[in-house]
Amino acid sequence: RLPVMLHGEPRYYTEQSLAEMDVHVPLELFAPGTGPGDLQVEISEQALLVRARGSLKSHLHGRLWEPVLPAECSWAASGSEVSIHLVKAEAGQYPWPHLLQDVEERTCGQQVTNNRERLLR
């Protein structure tokens, strides 16, 4: 698991292969008392949203590095974390350097802001 920080705070952990990426968000990072049934997770071909249901503040939100296949993606919440399984639309090309585009991320002690426009194929 690779920890990722956004805006100076730990936000999630990732694991990936060339075909899939798993994202793990600890429930302790949400407001006290937030349980698995209190979450809203939306996965579209180009974007990911994770927040407490009814909240205007998202915990994780943005355009994905590359498209995914939403019908094959899933999420589940256990007692301690939300696990999101993403299936990459173009599997086998390369590992994603980031989960989201245009979001400041910090992994392995290096801070990178990815604000390059992606070329459409």
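What percentage of the 121 residues in the chain is buried? Buried residues make up 38%. The model is predicted, and the views below take up its parts in turn.

View 1. From the N terminus on, the order of elements is β-β-β-β-β-β-β-β-β-β. The accessible surface comes to about 7,000 Å². Carbon and sulfur atoms hold 51% of that surface. Among the chain's contacts with a separation of 6 or more, 49% are between residues 24 or more positions apart.

**View 2. Strands β2 and β3 form an antiparallel pair.** Strand β2 covers residues 9–16, and β3 covers residues 20–26. Four bridges join the two. A hairpin of three residues links β2 to β3. Across the pair, Thr 14 stands opposite Val 23 of β3.

**View 3. Strand β3 also pairs with β8.** Strand β8 spans residues 81–87. Seven bridges join β3 to β8, and the two run antiparallel. Pro 26 faces Glu 81 of β8 as its opposite residue. Strand β3 is mostly covered: five of its seven residues are buried.

**View 4. The largest nonpolar core has 27 residues.** Val 23, Leu 60, Ile 84, Leu 86 and Leu 99 have the most contacts inside it. The elements giving two or more residues to this core are β1 (2–6), β3, β4 (39–43), β5 (47–52) and β8. Strand β8 gives the most, with four residues.

**View 5. Ile 84 is one of the core residues with the most contacts inside the core.** Which residues does Ile 84 touch, not counting residues up to four places away in sequence? Ile 84 touches Met 21, Asp 22 and Val 23, among others. Val 41, Ile 43, Leu 48 and Val 50 are also touched by Ile 84. Ser 74 and Trp 75 complete the list for Ile 84.

**View 6. Gln 101 lies in the loop between β8 and β9 (104–107).** Is Gln 101 buried or exposed? Gln 101 counts as buried because its relative accessibility is 7%, and the cut-off for buried is under 20%. The Gln 101 side chain reaches the backbone oxygen of Leu 64 at 3.0 Å. A polar atom of that Gln 101 side chain also lies 3.2 Å from the backbone oxygen of Trp 65.

Methods: Residues numbered from 1 in each chain as written. Predicted model: local features only at pLDDT ≥ 70, side-chain atom pairs only at ≥ 80, totals over all residues. Heavy atoms only, no water. Buried < 20%, exposed > 50% of the residue type's maximum accessible area, 1.4 Å probe, protein only. Pairing = 2+ DSSP bridges. Core = buried A, V, L, I, M, F, W, Y, C linked by side-chain atoms within 4.5 Å. Contact = heavy atoms within 4.5 Å. Areas by Shrake-Rupley, 256 points an atom, 1.4 Å probe, with all protein chains shown as cover. Polar contact = N/O pair within 3.5 Å; in protein donor to acceptor, adjacent residues only side chain to side chain.
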